[in-house]
Amino acid sequence: MNTDIEDMPLSALFSAGKETFEKLDQGSATQEELRSGAECLRRCKDAINRLGLFSRNEDKDDIATGDIKYMLVPFYLATILSNIKASERKIVLMGATSEFKSFLSACEDSDILTGAAREAFHRDGPIDANTRRMQKISAFKRNKEINARLEALRIAEGKDAIGEGEDVGAVEYSEEDREMFFLQIESAIIKSLEDMDMIKTELQVLAARPERTDGDEDEPTGPTPEQQMELRSLVLPRNVVFSSGRPSPDIGVGGCRSLKPLHTEILKTCKPWEISISWMSC
């Protein structure tokens, strides 16, 4: 184990993990960086548990402003894990799902996860395509509002980040800082629910693959026809990110339906596990 990581304080572990998450979001993180970032976040999570920063008996009003950002640790970890390439892909995806659920459960315990997001988190059965489409559009619009508000707060505060490298309790925060943290968490909730749906679909694809023999090639078998139809029926807003590097159509949600045939043709050339959807602001 890297002794540098072992000796890092909580704030440094968090900053290193968040930096990896941001590089991943920008498409510039290597697999080695993802693994290192995941290890930093695991140790960060352990340190948070040892310090007892959060309690199931606290709601969001009881959480110290300087501690709020640490609620994002399992979200960052889950996102990084879901993008790590491994021979045991199923195990990696299950680990990512576990971290997403940990994040959402903590948000629920703190009364941050409420309303439609809470219902979506606890929904067991399938929903019809039209309802799913409307939920995605609603989530996209809300995330766009969040990003606009975050940008306005950052301009007003004259900074891009809040206390990223500071130890717990070492910074005096404003009400605007507190609002920014909770907006970031709300955005992460939206992305967590979307990513969990994508992981569920990928796990279904993996489950449909036949058992490999020693003579099989490494190329994975594609999805079943039913899974292909489900993937191709997605309404894709602009800022769709294809990990294979294909550019996304520059179009908003309102114009997605008119380009659905184009999206279908793009999807035909991509494997389901190469596709992720970014709901960041246009």
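## Starting at L51

L51 is found in helix 3; helices here are DSSP runs of H or I with at least four residues, strands are runs of E with at least two, and both are numbered from the N terminus. This is a predicted model, where local features need pLDDT of at least 70, side-chain atom pairs count only at pLDDT 80 or more, and totals for chains, interfaces and linings use all residues. Residues are numbered from 1 along each chain as its sequence is written, and side-chain values use heavy atoms, with hydrogens and water left out.

So is L51 buried or exposed? L51 is exposed, at a relative accessible area of 54%. The cut-offs are under 20% for buried, over 50% for exposed and anything in between for partly exposed, with a 1.4 Å probe and protein chains only. Between L51 and L10 there are 41 residues of sequence separation, and their C-alpha atoms are 9.8 Å apart.

## The overall layout

The protein has eleven helices and two strands. Reading from the N terminus, the order is α-α-α-α-α-α-α-α-α-α-β-α-β. Of its 282 residues, 41% count as buried.

Take the contacts (heavy atoms within 4.5 Å) between residues at least 6 apart in sequence: 73% of them join residues at least 24 apart.

## The nonpolar cores

A nonpolar core here means buried Ala, Val, Leu, Ile, Met, Phe, Trp, Tyr and Cys residues joined through side-chain atoms within 4.5 Å. The largest one has 47 residues, and F103, I185 and I189 have the most contacts inside it. Helix 2 (10-25), helix 3 (31-51), helix 5 (73-81), helix 6 (89-109) and helix 9 (175-208) each put in at least two residues. Helix 9 gives the largest share of this core, with nine residues. Apart from it lies another core of seven residues, including I146, L150, M180 and L183.

What does I189 touch, once neighbours within four places in sequence are left aside? I189 is in contact with F103, L104, C107, I112, L113 and A117. I199 is also found in helix 9, and I199 is buried at a relative accessible area of 5%. With neighbours within four places set aside again, I199 is in contact with S82, L93, A96, T97 and F100. The C-alpha atoms of I199 and L93 are 6.6 Å apart, though 106 residues separate the two along the chain.

## Aromatic rings

A search of the whole structure turns up eight aromatic pairs. Rings of Phe, Tyr and Trp (its six-membered ring) pair if their centres lie within 6.5 Å; planes under 30 degrees apart are stacked, over 60 are edge-to-face and the rest are tilted. F21 and Y76 make a tilted pair, because their ring centres are 4.6 Å apart and their planes sit at 40°. F21 is in helix 2 and Y76 in helix 5, so this pair links distant parts of the chain, 55 residues apart.

Since F75 lies in helix 5 and F100 in helix 6, the pair ties together parts that are 25 residues apart in sequence. F75 is buried at 4% relative accessible area, and F100 is buried at 0%. Ring pairs join F14, F21, Y70, F75, Y76, F100 and F103 into a cluster.

Helix 8 (residues 129-157) has 29 residues and reaches 42 Å from its first C-alpha to its last, close to the 42 Å expected; the expected span is 1.5 Å times one less than the number of residues. Among its buried residues are R133, K136, I137, N143 and L153. After helix 8 comes G158, with a positive phi near 70°.

D111 has a positive phi as well, near 60°, in a residue other than glycine. Where does D111 lie? D111 sits in the loop between helix 6 and helix 7 (115-122), and at 46% relative accessibility D111 counts as partly exposed.
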